[in-house]
Amino acid sequence: MTDELEQLYQSTYTAVVRFLYRKVWDAERAEDLAQEVFVRALAHRPDKPRAWVFAVAANLARDEARSAMRRKRHLTLLKGDPISQPTVAPSADDTVEHDEQVASVQEALNTLTPRDREILLLWDAGLSYPEIAAQTGLAVGAVGTTLARARRRLVDAHDRQHAQTRNHAAHS
Amino acid sequence: MRHIPEDELHAYLDQGLSRSQCVEIESHLAGCPACQGARDGIAALRDRTTALLSRLAPTRGVPPGFDTLRRRAAEVAFQRRRRLQSVAWAASLVAAVALGWTGSSLTGDRAPVQAAQRQELPAPVPIAEPASRQAVAAAPPASASRAAMPAARQAPARRAPRHSPDSSATAADRAAVLAVLDPVPALELSPIDKPRADDSPELEGMWRTMSWDGAQAEAGTSVPHIGGLPIVRVQVQVSENVGQRPLMVVAQQLSSGQVIRTIEGPAPDVSQLLARRAMSDPDSAGSTADSTGPRGDGGAHSMAMQMGDRMLAITGALPTDSLLAMIRRMNAEMRSRR
């Protein structure tokens, strides 16, 4: 018997990891959380597993962000450091360009409202309009409107940034 | 003719529209170059968004096999079960300690120590204070066949309420009820008195606590009980007549937390037990005077039914008509099993 969940795992694991990564910005942690999601699904056997998996992933990411915030606040109290934005640290020379690209998209994504960002990421993870609507409490008809706005903002923010960096490069 | 709004084109390209909506849009697009242009622009925007977001993908990622996750899920489930079991076990132990003393005050629970050793019962529970008051009052009416029990061997009196009253039926009790499902081994907690110097070896008709399975092995299908209620304790008094079925007392717990006992055995033994129980009752009522229980109408009632040379009885702090209904049902069940 091939498990329905196993098929879902094969088809969506990568999407779940990506979805989580765009929330926790830590590849390893995203994988841990994604596996946790599927372990929970095995215990729960939800009726609509695909939507369930992403709903639980979103919850885990939210919890993760909260505890990360708490940790950071704690560290800030200890060190007296200002809170820094989480960014991907450049590691080697050949990856610098890639990392800059990642950082620019990350920043563009951060300009979106939390709701627009959530819906865009759910769409990109492969959820359908009704699934997105069910998870976010939005009307199905409003999903298109939200996605239209989110896409426009993401691309605009990214283009603005790109123009700025080019200006900086030209002036220096 | 109105042009297609931007969000509808997004929904159209995202396949988020119904079939009829799609048909409507497609027929408009066929004849509207402006909307065709808008559609192409939005398609490009979608592609750019997807391309930008695809940069935000973790580089690593060899997913573990699904069996690994299955094992983890099984492990998690196992851990959870174990946690629940240990909680339930602790709760049932608490309940059993309370109920165990209750049971001992009904049946006398006078297992001689040598019997305890022979039958590998739990180690004797050391009792600091002699329960003299109850012991004197409950001194058994010595019959010819049964040796009189010395007062000092009387089961210890405890300040635990005789019947778990409704008002104090705690979550632990309820958990215990859930944990002690029918049929389960009776909780092997028998308070046994300290050995006495002059252990009279002629003592017979001793009580012993046994498991549900053991009781069934000994008495076959005629272990008295009410189907569907959790079994708290099974006590057996071995008959001195070889071949005769023993005297059995089965304590069961109602969902309210009250304990009722069903007794089956040779008629003289059962009536003697009930008489002894009636005698010890006033005293134990005094000893639990501080407990807040619905003792109201004098606590436990008994109902007995003679079947040839055997007797079936039921005791519990329930209205007599409830007991009557129960004993009738039990009698019918036992007859049908035979």
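Does Gln15(B), at 73% relative accessibility, count as buried or exposed?

**View 1. Gln15(B) sits in a loop of chain B.** At 73% relative accessibility, Gln15(B) counts as exposed. Buried means under 20% relative accessible area, exposed means over 50%, and partly exposed lies in between (1.4 Å probe, protein chains only). The loop lies between H1 and helix H2 (19-30) of chain B. Helices (H or I, at least four residues) and strands (E, at least two) are DSSP runs, numbered from the N terminus. Phi of Gln15(B) is near 60°, a positive value in a residue other than glycine. Most residues other than glycine have a negative phi.

**About the model.** This is a predicted model, in which local features need pLDDT of at least 70 and side-chain atom pairs count only at pLDDT 80 or more, while totals for chains, interfaces and linings use all residues. Residues are numbered from 1 along each chain as its sequence is written, chains are lettered from A and ligands numbered from 1 in the order in which they are written, and side-chain values use heavy atoms, with hydrogens and water left out.

View 2. In chain A, 44% of the 172 residues count as buried. In chain B, buried residues make up 46% of 338. A contact means heavy atoms within 4.5 Å. Take the contacts in chain A with a separation of 6 or more: residues 24 or more positions apart account for 56% of them. In chain B, 68% of the contacts between residues at least 6 apart join residues at least 24 apart. Chain A exposes about 9,700 Å², with 51% supplied by carbon and sulfur atoms. Chain B exposes about 16,400 Å², and carbon and sulfur atoms supply 58% of that. These areas come from the Shrake-Rupley method with a 1.4 Å probe; for residues, only the protein chains shown count as cover.

**View 3. Helix H1 of chain A bends at Thr12(A).** The bend is about 55°. It is the angle between axes fitted to the seven residues ending at that point and the seven starting there. H1(A) covers residues 4-24, 21 residues in total. At 1.5 Å a residue, H1(A) should span 30 Å; its end C-alpha atoms are 28 Å apart, which agrees. The expected span is 1.5 Å times one less than the number of residues. At the start of H1(A), a side-chain oxygen of Asp3(A) comes within 2.8 Å of the backbone nitrogen of Leu5(A). Trp25(A) follows H1(A), and its phi is positive, near 55°.

**View 4. Asp63(A) and Arg66(A) pair within helix H3 of chain A.** Their side chains meet in a salt bridge (3.6 Å, N to O). A salt bridge is a side-chain nitrogen of Lys or Arg within 4 Å of a carboxyl oxygen of Asp or Glu. Side chains of opposite charge can pair when their charged atoms come close. The two residues are three apart in H3 (residues 49-79), so about one helical turn separates them. Asp63(A) is partly exposed at 41% relative accessibility. Arg66(A) is partly exposed at 48%. Over all chains, a search of the whole structure finds 21 salt bridges.

**View 5. Arg152(A) reaches across to Glu6(B).** The closest N and O atoms of this salt bridge are 2.9 Å apart. The pair crosses from helix H7 (residues 140-171) of chain A to helix H1 (residues 6-13) of chain B. Arg152(A) is partly exposed at 39%, and Glu6(B) is partly exposed at 33%.

**View 6. Arg151(A) lies in helix H7 of chain A.** Which state does 2% relative accessibility give Arg151(A)? Arg151(A) counts as buried. Its side chain makes a polar contact with the side chain of Asp14(B) (3.1 Å). A polar contact is a pair of N or O atoms within 3.5 Å; within protein, one must be able to donate a hydrogen and the other to accept it, and residues adjacent in sequence count only if both atoms are side-chain atoms. Leaving aside neighbours within four places in sequence, Arg151(A) is in contact with residues including Leu120(A), Trp123(A), His10(B) and Leu45(B).
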